[in-house]
Amino acid sequence: MKVFYALVLVIVLSSCQTENANYESYTSDLDDELITNLINASNGVGTSYYLLPDSDDFSRIPQDPLNPITAEKVALGKLLLHETALGGNPKMDEMNGQYTCATCHPVASGFFSGRRQGIGEGGIGFGVNGEGRTFNTEMPLDSVDIQAVRPPTLLNLAYQDVMLWNGQFGGTGTNAGTEAQWDHIPENAEGFQGVEVQAMQGQLEHRLKVNEEFVDSYNYRTMFDAAFYNIPQSERYTRKTAALAIAAFNRTILANQAPWQEYLKGDLEALNDQQKRGANLFFDKGLCYQCHNGPALKDQEFHAFGFGDFDGSLEAMVLPSIDFESVKKGRGGFTQNPDDDYKFKTPTLYNLADAGAFGHGGTFSTIREVVEYKNNGVAQSTEVPTTQLASQFGSSNLTSDEITDLTAFLKDALRDPDLLRYVPNTVNSGNCFPNNDEQSRIDLGCN
């Protein structure tokens, strides 16, 4: 009972979100153990250290000082992320208006790509969760918009200052000292954090087009005016302002309704006993918290776990134009520092149940496979030197039952069940989204 009352006191004092929490009148030994583990893992802070803010509580959401979050930017960014009319700069004219940012980050798969490799222009179809998107065989392969790594989720992006698996997008913080490698950062993007830089560069990479013609053709002028009233009209309807709106919205895409979040707010019945056992393993013996910590359960570091890379198959194509050796080196491929070779950015662990493929190469198909892999400590990639592998790799010694419990925590306790709140009912163009090709319209019921 002492631990329970201590829990109530810690939560009430540390988070205004829990002032009206409906606490249970008892706590189990599992809860006592978990609260102790959370205090230890957070260096004494406790449960509040892991709470995600409400998506409209802008003051508590980490943001770029150069791009303060406002309701007007968020409203505009929510539409632009899903607006297939934004796909206005294709290599093949007939594919105009068929794709957008959400093509590779659909809500149906937890804002991960619905398949192992995302396909922008050059893809057709959607399926049920995005898994049915395939290559358009009538388009030359070298014109298809694909990357050589699996697209990460958009969830919890606010809790990182650099973007991509190698962290190359971002002109502050973590990337301080890497200025010599910033040739990929677009004009006028220096000084912005990674979420903003990715939204700018992504429009170039993924053949999107925002200009005054787009704004007027699809009735976005009023929203741009409201979001960027303090920017001269001559600079208001551009790729840059569109990127700032998309980035502001992306920062609000938080998995703050997951059962784990409800538990942290005081609902001790939000997790079942198996999930609580798994949480205890996560924050203790399993060593997961050493990389996956904080509100988004990720640090801002890069670690080598020897995951495999794309293999050139139809589900993981590598174009000849891509410097794949650099891609495989992860952070080191960007920084050119051998100490960074084969290290990749720690991802968030929320809504993995929706993902379907895991790792930067998408080489695992279930959450349990990843847990078993890290527990066994045998690297998939033969190119990664053992000296580069993270100390946590293969050092947790979990039993099969413990792996089952940990998997239950990752799969179910961390899954926000209502991500549709981040998706508009319609976009201004009236187009189908997240894809607008003929097969996708059939799959999505837009016809």
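Start by colouring the chain by burial: in this predicted model, buried residues make up 57% of the 447 residues. Switch to a cartoon and you will find 15 helices and 4 strands.

Next, zoom out to the C-alpha trace, which spans about 65 × 50 × 45 Å along its principal axes. The radius of gyration is 22 Å, which agrees with the value near 22 Å that a compact globule of 447 residues would have. If you draw contacts with a separation of 6 or more, residues 24 or more positions apart account for 69% of them.

Then select cysteine 432 and cysteine 446. A disulfide joins them, with an S to S distance of 2.1 Å, and the structure holds 1 disulfide. Cysteine 432 sits in the loop between α14 (400–413) and α15 (438–444), while cysteine 446 is in the segment after α15, so the bond ties together parts 14 residues apart in sequence. Look along the S-S bond: its torsion is about 60 degrees, so the disulfide is right-handed. Cysteine 432 is buried at 5% relative accessible area, whereas cysteine 446 is partly exposed at 38%.

For a last stop, select cysteine 101, which is in no disulfide. The nearest cysteine sulfur is that of cysteine 104, 9.3 Å away, too far for a bond. Cysteine 104 counts as buried, at 11% relative accessibility.

Conventions: Residues numbered from 1 in each chain as written. Predicted model: local features only at pLDDT ≥ 70, side-chain atom pairs only at ≥ 80, totals over all residues. Heavy atoms only, no water. Helix = DSSP H or I, 4+ residues; strand = E, 2+ residues; numbered from the N terminus. Rg over C-alpha atoms; globule rule 2.2 N^0.38 Å. Buried < 20%, exposed > 50% of the residue type's maximum accessible area, 1.4 Å probe, protein only. Contact = heavy atoms within 4.5 Å. Disulfide = S-S within 2.5 Å.
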